Amino acid sequence: MSTSGFEQILGRHPFFADLDPAQLATLVGCARNVRFEPGEYLFREGEAADCFYMLRFGRVAVEIATPGAGGVTLETVDAGDVLGWSWLFPPYKWHFDARATSLVRALALDGVCLRGKCGQDAPLGLALMTRFARVAIQRLEATQIQLLDLYTAGR
Amino acid sequence: MLDTKAPDSTNPTPAAMRLLPAPAADPMRPVPWTVRRVLRETADTFTLALAPAEADTRLAFAAGQFNMLYAFGLGEVPISASGDPARSDELLHTIRAVGAVTRGLRRARPGDRIGVRGPFGTAWPVEEARGHDVVIVAGGIGLAPLRPAIHHLLAHRGQYGRVSLLYGARSAGDILYRRELSRWRGRFDLSVEVTVDRAGSEWQGRVGLVTRLVDRAVLEPASTVALLCGPEVMMRCAAQALEERGVPQASVYVSLERNMKCAVGLCGHCQLGPALVCRDGPVFRYDRLRRVLAVREV
């Protein structure tokens, strides 16, 4: 896909809304198309977190391995979602597994490249930090509510 | 052309209340019904199908209303009707066995008799929602009181805009009405999304809060009526997610559960702030009660 195609995709995505053209061009320069077959892992716990994904098609299960129970799915992300924030925060390691449960097509954005750009371009760093902080907060709130085990009788 | 003006009705007005089905005779006297079938839904949840024990017994209800089910010798429990409101010859109630009475009802077998009082309370605003998009958000056993509304919407499908059912359950094994959900998913005029809170790797569906489904739902906010039923925290989160999508709080309706005893507004056991849930609910317009629901002491 040409970079103009990436620009269109990223420019229309709500997650990247309000980025200025130069910031968007930086992201486009760090993007590439990726594809995963069902069952294939996008990343595994403990591996270097060197990118994040913008899912264009399919579903990914974010899992944690538990002794005896195999993988427990913590959440799923679908087309349109952004997956992965560990590339932005030390120690830059994935904390969970991410497994494609169907054919997945996505844009992978090079986190190592972007970290470098963010170091040189503070507004870009702030823009990305703000967006990923929002994702992290939403995930935290969801986890807190899931811990309530709401569907147990009497809740 | 759909009317895009959001409905401005509140809870049913006294005039509208009179139009809702009500007990035919003495509301305090249980009428015997015969257990026709007991359907196991999940490990702890079952559906009782009841048939009139006497030839002239009928019980018409509106979607969202509840009945008092009397397990003779054990006691009464309020249970929302969960069947098709167009059928008055068979009553369905989906029940989670969590106490002495509901466990007693689970032990019922075809041919057994139980007492029924009802129907009581307010209904889902399915008439007011005509011409609008309808978003149904159900959590856990909260799908049961919403099922009659879904039956109604599908029976009158042409009168509504987009209809979406967003359903969250604890796990895959806790999903109610699996066959019906599969059938509904196969329709081209109904969007059905299901998510569970926890799952193993064998589950291929969504995992996450039902509120995330609200974020993704296709809807026209100003012309959407939302019907919510499930744990109160879930309903509050879903109402907030709908508000963030631009759905007016006055177009959001919730079904509440409190300690209903008499079901006719006399005993006061189900008081919730200024309302008696058995009489003024169980279906409420959310903006009328949202402040009360946030008060811990109530």
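Student: Which residues have the most contacts inside the largest nonpolar core?
Tutor: Those are B:Ile136, B:Leu228 and B:Ala238, in a core of 118 residues. By nonpolar core I mean a set of buried Ala, Val, Leu, Ile, Met, Phe, Trp, Tyr and Cys residues joined through C-beta atoms within 7 Å. Buried means 20 or more other C-beta atoms within 10 Å of a residue's own; 12 or fewer is exposed, in between is partly exposed, and the C-beta atoms are placed from the backbone.

Student: Which helix gives the most to this core?
Tutor: Helix H6 of chain B, residues 232-245, with seven residues. Helices (H or I, at least four residues) and strands (E, at least two) are DSSP runs, numbered from the N terminus.

Student: Before I go on, what kind of model is this?
Tutor: A predicted one: local features need pLDDT of at least 70 and side-chain atom pairs count only at pLDDT 80 or more, while totals for chains, interfaces and linings use all residues. Residues are numbered from 1 along each chain as its sequence is written, with chains lettered from A and ligands numbered from 1 in the order in which they are written.

Student: OK, back to B:Ile136. What is B:Ile136 in contact with?
Tutor: Leaving aside neighbours within four places in sequence, B:Ile136 contacts B:Leu146, B:Ala149, B:Ile150, B:Ser164, B:Leu165, B:Leu166 and B:Leu227. Contact here means that the C-beta atoms, placed from the backbone, lie within 7 Å.

Student: Let's do sheets. What order do the seven strands of the open sheet in chain B come in?
Tutor: E11-E9-E8-E7-E12-E13-E16, with mixed pairing. Strands count as paired if DSSP finds at least two bridges between them. E11 and strand E16 (283-285) of chain B stand at the edges with a single partner strand each, so one side of each has no neighbour in the sheet.

Student: How does strand E8 of chain B pair with E9?
Tutor: E8 (residues 163-169) and E9 (residues 191-196) of chain B run parallel, joined by six bridges. B:Ala169 has B:Val196 as its bridge partner in E9(B). Strand E7 of chain B, residues 133-139, also runs parallel to E8(B) and is joined to E8(B) by six bridges. There, B:Val137 is partnered with B:Leu166 of E8(B).

Student: And is E8(B) enclosed or open?
Tutor: Largely enclosed by the rest of the structure, because seven of its seven residues are buried. Both faces are covered: B:Val163, B:Leu165, B:Tyr167 and B:Ala169 are buried on one side, and B:Ser164, B:Leu166 and B:Gly168 on the other.

Student: New topic. How many residues from each chain take part in the contact between A and B?
Tutor: Chain B puts in 21 residues and chain A 19. On the chain B side, the elements giving two or more residues are strand E10 (199-200), strand E11 (206-207) and H6. H6(B) gives the most, three residues. That side of chain B divides into ten nonpolar, six polar and five charged residues. For those classes, Ala, Val, Leu, Ile, Met, Phe, Trp, Tyr, Cys and Pro are nonpolar, Asp, Glu, Lys and Arg are charged, and the others, Gly among them, are polar.

Student: In which sense do E5 of chain A and E10(B) pair?
Tutor: Antiparallel, over two bridges, with E5 of chain A covering residues 70-78. A:Thr73 stands opposite B:Ala199 in E10(B).

Student: What is chain A's secondary structure?
Tutor: Four helices and eight strands, in the sequence pattern α-α-β-β-β-β-β-β-β-β-α-α. Its C-alpha trace spans about 50 × 30 × 30 Å along its principal axes. Buried residues make up 30% of the 155 residues in chain A.

Student: Last one: how is chain B split into domains?
Tutor: Into domain 1 (15-120), domain 2 (124-254) and domain 3 (256-298); the bounds come from an automatic or database domain assignment. The C-alpha centres of domains 1 and 3 of chain B are 21 Å apart. Seven residues of domain 1 of chain B are in contact with six of domain 3. On the domain 1 side, strands E3 (66-71) and E6 (113-120) of chain B give two or more residues.

Terms used: Two residues are in contact if their C-beta atoms, placed from the backbone, lie within 7 Å.
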